[in-house]
Amino acid sequence: MPIQVLLLSFFGELWSGLSGWDRWLFLKINTALTNPLFDSVAPWWREANTWVPLYLFLVIFGLLNFRKRVGFWIVFVVITLVITDQVNSHLIKIWVARPRPCRDEVLATQVRLLLTNCSGTFSFPSSHAANHFGFAVFLVMTLKHVFGKWRYIFLVWAASICYAQVYVGIHYPLDVIAGALFGTFVGYLTARLFNKKTGLIYV
């Protein structure tokens, strides 16, 4: 049997197993591990507009702590988000073409959709997860001198948004895990480059 056929068979079986686990965990989070408080908070929590005050706060902190370098810092934040969003949304998602759980023919009747509509875009990986983890990792690696150990709360924040994406019914757990890993990779690279260019110590 050709090696290509064996590989296709192996990865097909692997994906089948992962997909089954993914659907089970999705339904657990979306339909079983629920409560009225999360039902009201999760749709709002995952919205980018909710965090505009945080973004403004960080810009002010940047002005106070980077001073002349704040423009450079903001440029690197934008670069991080552009890479995570554009590569994820316009390359990876289109290539994988995985439907969202709220549009899956098998799961559609079981999903608790907490948003007003289910987006027609593809599901894997989650752009929210990629963008927020890219941003969070960049902050963790460039703001040590400002927040110290408290900077790791940005990772908790990003993870909570990922969880909300599953909870409201528009992403599978593997979607947000893959998006988080991709965002972490991009945020790590851009932060390393920023720290190297500005002479900040990376830890």
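Buried means under 20% relative accessible area, exposed means over 50%, and partly exposed lies in between, computed with a 1.4 Å probe and protein chains only. The model is predicted: local features need pLDDT of at least 70 and side-chain atom pairs count only at pLDDT 80 or more, whereas totals for chains, interfaces and linings use all residues. Residues are numbered from 1 along each chain as its sequence is written, and side-chain values use heavy atoms, with hydrogens and water left out.

**View 1. Salt bridge between Asp104 and Arg23.** The two side chains meet at 3.0 Å, N to O; a salt bridge is a side-chain nitrogen of Lys or Arg within 4 Å of a carboxyl oxygen of Asp or Glu. Asp104 lies in the loop between helix 4 and helix 5 and Arg23 in helix 1, so the pair ties together parts that are 81 residues apart in sequence. Helices are DSSP runs (H or I, at least four residues), numbered from the N terminus. Arg23 is partly exposed at 25% relative accessibility, while Asp104 is buried at 11%.

**View 2. Salt bridge between Arg98 and Asp22.** The closest N and O atoms of this pair are 2.9 Å apart. Arg98 belongs to the loop between helix 4 and helix 5 (127-142) and Asp22 to helix 1 (residues 3-32), and the pair links these distant parts of the chain across 76 residues. Both partners count as buried, Arg98 with a relative accessible area of 8% and Asp22 with 0%.

**View 3. Salt bridge between Asp39 and Arg112.** Here the N to O distance is 3.0 Å. Asp39 sits in helix 2 (residues 36-45) and Arg112 in the loop between helix 4 and helix 5, 73 residues apart. Each residue is partly exposed, with relative accessible areas of 25% for Asp39 and 23% for Arg112. Elsewhere, salt bridges with shared partners join Asp22, Arg98 and Asp175 into one network. The model holds 5 salt bridges by the stated rule.

**View 4. Nonpolar surface patch.** Val59, Leu63, Ile74, Val78 and Val82 form the patch and together have about 370 Å² of accessible area, from the Shrake-Rupley method with a 1.4 Å probe, only the protein chains shown counting as cover for residues. Helix 3 (52-66) and helix 4 (70-96) each give two or more residues, and the largest share, 3 residues, comes from helix 4. Patch residues have over 30% relative accessible area and no salt bridge; nonpolar side chains (Val, Leu, Ile, Met, Phe, Trp, Tyr) are joined within 5 Å, and like charges within 9 Å. Val82, in helix 4, is partly exposed at 44% relative accessible area.
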